[in-house]
Amino acid sequence: MSAMDGALLQVRGLRKWFGGLQAVDGVDLSVRPGEARAIIGPNGAGKTTLFNLISGHLRPNAGQVLFQGRDITGRPPHAIVHAGIGRAFQITSIFSRLSVFESVQMALLAKQKRTMSFFRPRARLVVDQTTAILEAVGLGEQAKMPAGAISHGDQRALELAISLAANPTLLMLDEPTAGMSPWETGRTMEMIRRIAREQGITLLFCEHDMEVVFGTADRITVMHQGRVLAEGTTNEIRQNTAVQEVYLGSDEQ
Amino acid sequence: MDRTNSESELLKLDAINAYYGTSHILFDLSLAVSDGEVVCLLGRNGAGKTTTLLSILGLATVKSGRVWYEGKDVQKMPPYRMARNGIGYVPAGGRVFPNLTVRENLEIVRGAKAPQRWTVQRVFDLFPRLGDLANNAAGGLSGGLRQMLVVGRALMGNPRLLLLDEPTEGLAPIVVRSLEDLFLKLKGTGVAMLLCEQNHRFALKVSDRAYLIDKGQIRYAASTAQVRGSDELHRYLGV
Amino acid sequence: MTPETILVQSLGGLARAGVLFMLAAGLTLVFGALRVINFAHGSLYMVGAFVGATIVLRTSGNFWLALIAAPLVVALLGGLIEVSVLRRIYRREHLIQLLATYSLVLIVGDLVRLIWGAQYLSISVPNIFAESVQVAGQPLPLYNLVIITFACVTAVALWALFYRTGLGRDIRGAVSDPEMLGLVGVNVPALFTAVFMIGAFVAGLAGVIIAPSTSVGLGIDVETVVEAFAVTVIGGLGSFVGALIGAVIIGQVEAFGIMWVPRAALAFVFLAMAIVLGLRPYGLFGEPER
Amino acid sequence: MRTALRSQTTATPRSRIVLSAVAALIALALPLLLQESELLLVVEMLVLALWAVSYNLLLGYTGLVSFGHAAYYGVGAYTVALLWSKYGISPLIGLVASAAVTAIISFFTGLFCLRSVRLYFALLTLAVSQVMFTIVFEWYDFTGGDNGIHGIELPGFLSSAPNLYFFVLVVSVVCMLIIKAIVNSPFGGALLCIRENRQRAAFIGIDVKRYELIAFIISSTFSGIAGGLYAFYDRQVFAGLLNWTKSAEPVLVSLIGGMYSFFGPAVGAALFIFLNAFLTRYTTYSALALGALLLMLALVFPGGLAELASLARARLLRRGQHELETDETAAAQPTASERKP
Amino acid sequence: MNSEHRRPLATIAVVAVGILILGSLLSACQSSAPSSQSAGASKQGGETVKLGMATDLSGSAALLGVAGVNGVTLAVEDLNAAGGVLGKKIELIVRNTEGRPEAGTREVRDLIQREKVAALMGPVSSAVGLAESAVAKENKVPIFLHTSNTERLTVDLGHPYVFSVVPNTGIEGRAQAIDMAKLPYKTYYIIGPDYEFGHLQANAFKEKMKELRPDVQFVGEQWPKLGETNYQSFITAILAAKPEAVYSNLWGGDLVGFTKQAKGYGFFEKTFFTALYDVEVLSTLGSDTPNGVRGFSRAPFYAIDNPKIGPWVQKYRNRFGIYPSDWPIMAYDAVNLWAAGVKKANTFEADAVVKALEGYKFDSLRGPLNIRAADHQGDVASYMGEVGSTDKYPFPIYKSVRAVAGDKAWMPEGDIAKLRANPRQ
């Protein structure tokens, strides 16, 4: 199957239900190479479930996920990583007792399929690449610290570094600035934009902070109750009354 | 420490810095609720509303600052003592005891001693539909009924102060309107409330004062009249 | 194999199931509410049997006093253990909890030896139960039926405790959401102590009940807890109904397994466990760990 | 902070070399210093140390709790004993075979047990190991039942205690170094990732189940070698080697020594054997003493001796740095203890 | 834990191992100066001679272990009161194996090499016994078995330094067959504890029975695990097979449990039953003892026909406040056998003692014993009888006591050589 209308990621009619709850209820999504796409929506809109379906953590009940024209629906997470989709998680998913350096180094080795090596000391492997990534995200100084002991903002940067180590074509970010101080938020988003630009990475992220969303995204997809409510440029979304209603509460008067 | 809180200040947060795990969530946050006053805390998802409530209840790590209730520092107080001292908590997402019946969810409460005590019957009078389902498992209730149940459960503790975490989330407009009436009625009985909300239309209708919170900091504090229609409201809540 | 044999064999299995259920109920209760795997549950059972037998021997046969007093002693011991040990490890990982309760097995085992010596004790079945009854033309020990009845009564009493009392309501609340329970004003630490004491009481009761039909000696703690543990796992940790069904399954598997493949008697319990977990990774009525 | 780091990285290798040399010297001198019974006690420590270190590859490095590792230890011991008693094969070849046999068996049992996760995985390993125990226990014609196989004859050069000691020393140290190399390899790093966060490990591209299975096999294989060495040490095997009470040993020993340090379990093993041998000499209530010790460990030092050691080290460091009295190092103080996981 | 953190731990580990080793080293230096290998019994200096005993003082066999230690203690006290052996006072060192063979190995090795004991008294469990015997053989120190009794100890794995004054599984099983061959029963069922003693002893019984009574059929076997508390299903399974007689070597607490549970099924009315009802079991069972059931045991004091036993029982009761079970009697004999050997050899030297005892006529509490040279087994009798209550003792005893002499039931010498060449494993 050829890549339709040049889309990098194509999601078609994706559905997922938990018991009786329709968490994702027929979502279509098309992300072009090189764009920065934000997914927003109130709590419970289905953003996280959608992410989990794309990255292989959950299997959809119906629908398809195509990446670079290839069907990756329901593949296991490690296969999807090797296909070129990286994912950065919220805070709890780092390797807290590994050092910052080791965390990124292991991600590099895993991506390069070099982890089935039993006797080479890993300390000397991919040192330069690791250092480069750590420098890029501003963690060069902290390389030896245990990942669990660095500040929250730095952990988010580490999370990003681990995802970047997979050399992804598409990077999915799950609330990249959650829990950050305003200063860290600015710094982090600037860094993400810069790296994505430099390495030609397509971004797909969900975020609550509207400053971040409107400052970073090229296009925005708004989800509500498991469906896509609207999609468009930042300006289009800002002026969409349906979106405003979802966010500010419907005015019955 | 200073006990200069005026008598009317029922709850006072004094420059608290709160953490959840290693992440710093609240930055020098201060707010106050007077006796019988309804105050809302407005902000988007992830702004720090829930952490504010958890800090009061001693469930988040507060590394600096103090929380005063009835003029006492409550940082070391075990949760059940807080409940028995009149703090009622309405958690987000209809956090009922799913494997207990509706009635048991109410009866399980050990609250404060108060002259006018709440009883199961009074709660059922307030929410007749709950009364109809008294012996059903709470886990099977719809979102709206769960919300009523957690409110009713908090009332069963005869609270002097209610902490509410997004009570309208996911509720149909008609249910939200009935909650509006309820809260206004409760306000009449002299219960103080700290109401965390994203739905400012609802919150501003029932509150005396409002705080706007964003990224763990109070950005704006004013009376409801001032807040309504202000630029800040749009900036911190809208799109 | 005649129908009579099947009936007799399954009744014997049911008596075993009764005792196993009484132990598994306590294990599963403690796991459900406190989230602790109490390896020392068998030790409580052993203490119950020793205290019960001692009371009977000292009072020249007062079984009824033992039936009340011994479980109370065990419940007190349980309370002591909860307050001094378990309370400090609720937030720790399972492995540390197991280490702590395993060390309690060692400690209690040696304390029992210190108090009672290596001697095994034996008490007689109380006179009114000492008869045999005729079932399908075969004499059966009446006391077996007493054990089965007692297990049923315990099951009903526990059910009533859970579903008909305020304490039971609180316990069920703790099973689903202990944090919220504290926030509605329930003294959760005290509740946990009570839960553990109830589990200990039932274990002590099982110890007294079993004493007349066997010898009370060192080693019955581990011998029994391993099987009770398997019952709990097969039923699904935390599930009361699971404990009941699991006990019946193990009781019957042992009863008929011994008949057909006597040499594999040691493995029945574990084979059953491996098969059930292989098919249902969380046991019959269990839920994934939270 | 930087100063502290630098001083660590430069000082440690030198002290390590010195310490390794001292340890090697002591190891070489032991047969001269100790009586045979004490030397054999050290042999016992080495065997358990190897077993514990291989077990800890699973427990401490992969985050998998197995309650049935005695099965592989026992199978290793029985492989040596049975090859000798049934086919007259030299125990030296038997030792190699014990690795192969446990590797094959653990492939199948691991495949089965890893269907479950966490607590239920642990319980499945227990169930499977008890079934294996029953087979060994009941198969009188082949395994000799509960009393097992006695009087295994070792090759002539191993008949003296010092030679046996050196043999076990070399085998166990080489095996531990291999495990250490695995721990430090990319594969070991992948295991650490799995231990820390299974889900995230999958999302950096690691096939978690496959790695867990391989770790299970490696761990079981070295446990098998440890069991084989036990047959060398005791010259007898018995069914109890596979029983669940035996399975508790590597778990206890790893927890005593500290499961997050590589040699922690080895130190725990030495202490465990030492306590076992000496407690029983002074009291018949050794279980009481051991229980009290374990309870204290669980309540006060859940990190085991390693935690104790790092606390002591932090204190030592603090004192040393006070003498330096530079503000920079003083400022770095709290991090040393904060870094404790 | 990060890499930076792990490194110092390795250092600490090395240091800790060093300290431990130094610790054991120091304790070694304390006890005595280094000496050459196999410094066994030969180098005795000073006023005392040491006797070692590593036995099961905790675990399922603890009761027997404690009783055995009582017997040994009494024997040592008696010998010392009489001036010791060869003028030397005996010092008894007791160790606990907790019923674990590996602990048996370790403790016995330590007793021999550090404590330099002149001889060893055996443990309870035969698994531990085999482990200890192997070390004794290696170090050439005599070991005297009084409770653990697998035939493999003296036969298959027998060696010059092992002696036994307990009826081994072969003697015991065959003796029962000899006595029971007179009974009319044709179908037998077997139930025994699932470990070596149970299996070997029952096998000896079966083989002898088949030899004496070719018409007897064995219709089934059950092997509950040692320490089992629930026998319901075993009992019903046996009854379903409708055997005329049931032969059992269940013992101790297990037998108590079995008996109590079987009673309710009318078991003892439906089938003939015999098992190891010793003083211990009978006094525990008390009124729960089935009347007329056939019991057998190794040394029931009231059944022994020897003038020495009466005063000895009195002495034992004065010392420990209880009636002696089988175990202290045999343990007492074991110590005295060793002392007799030393006296005859006029040295503590192991090889001389061994030589002195081969074919020795030993005057035991149970009467004269012949220590056979081929396997160092005493021709000890097995006792049996029908259980009934008595006024003389506070527990039921055997009525119509019979004893089968050891030399009628022990293994023919020819078979010993065969089994030594090709052991049962």
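Visitor: Which residue is the bridge partner of Phe362(E) in strand 12 of chain E?

Guide: Leu369(E) is the bridge partner of Phe362(E). This is a predicted model, where local features need pLDDT of at least 70, side-chain atom pairs count only at pLDDT 80 or more, and totals for chains, interfaces and linings use all residues. Residues are numbered from 1 along each chain as written, chains are lettered from A and ligands numbered from 1 in the order written, and side-chain values use heavy atoms, leaving out hydrogens and water.

Visitor: OK, and in what sense do strands 11 and 12 of chain E pair?

Guide: Antiparallel, over 4 bridges, with strand 12 covering residues 367-370. Two strands pair if DSSP finds at least two bridges between them. Strands here are DSSP runs (E, at least two residues), as are helices (H or I, at least four), numbered from the N terminus. The two strands make a hairpin with 2 residues between them.

Visitor: Switching to chain B: how many bridges join strands 9 and 10?

Guide: Strand 9 (residues 209-214) and strand 10 (residues 217-223) of chain B pair over 6 bridges, in the antiparallel sense. Asp214(B) has Gln217(B) as its bridge partner. In that hairpin, with 2 residues between the strands, Lys215(B) takes a positive phi near 50°.

Visitor: Now aromatics. How many pairs over all chains?

Guide: The count is 62 aromatic pairs. Rings of Phe, Tyr and Trp (its six-membered ring) pair if their centres lie within 6.5 Å; planes under 30 degrees apart count as stacked, over 60 as edge-to-face, and the rest as tilted.

Visitor: Why is the pair of Phe205(E) and Tyr247(E) stacked?

Guide: Because the ring centres of Phe205(E) and Tyr247(E) are 3.7 Å apart and their planes are at 5°. Phe205(E) sits in helix 7 (residues 196-212) of chain E and Tyr247(E) in strand 8 (residues 245-248), so the pair ties together parts 42 residues apart in sequence. Both Phe205(E) and Tyr247(E) are buried. Phe301(E) and Tyr302(E) pair edge-to-face, at 5.6 Å centre to centre and 85° between the planes. Phe301(E) and Tyr302(E) are buried as well.

Visitor: Which charges lie over the face of a ring in chain B?

Guide: Lys63(B) lies over Tyr19(B), at 4.2 Å from the ring centre, and Arg122(B) over Trp118(B), at 3.9 Å. The rule is NZ of Lys or CZ of Arg within 6 Å of the ring centre and within 35 degrees of the ring normal.

Visitor: How many disulfides over all chains?

Guide: The structure holds 0 (a disulfide being a pair of cysteine sulfur atoms within 2.5 Å).

Visitor: Last one: which chains share the most contacts?

Guide: Chains D and E, of the 7 pairs of chains in contact (heavy atoms within 4.5 Å). No contact joins chains A and C, whose closest C-alpha atoms lie 15 Å apart.

Definitions and conventions. Buried < 20%, exposed > 50% of the residue type's maximum accessible area, 1.4 Å probe, protein only.
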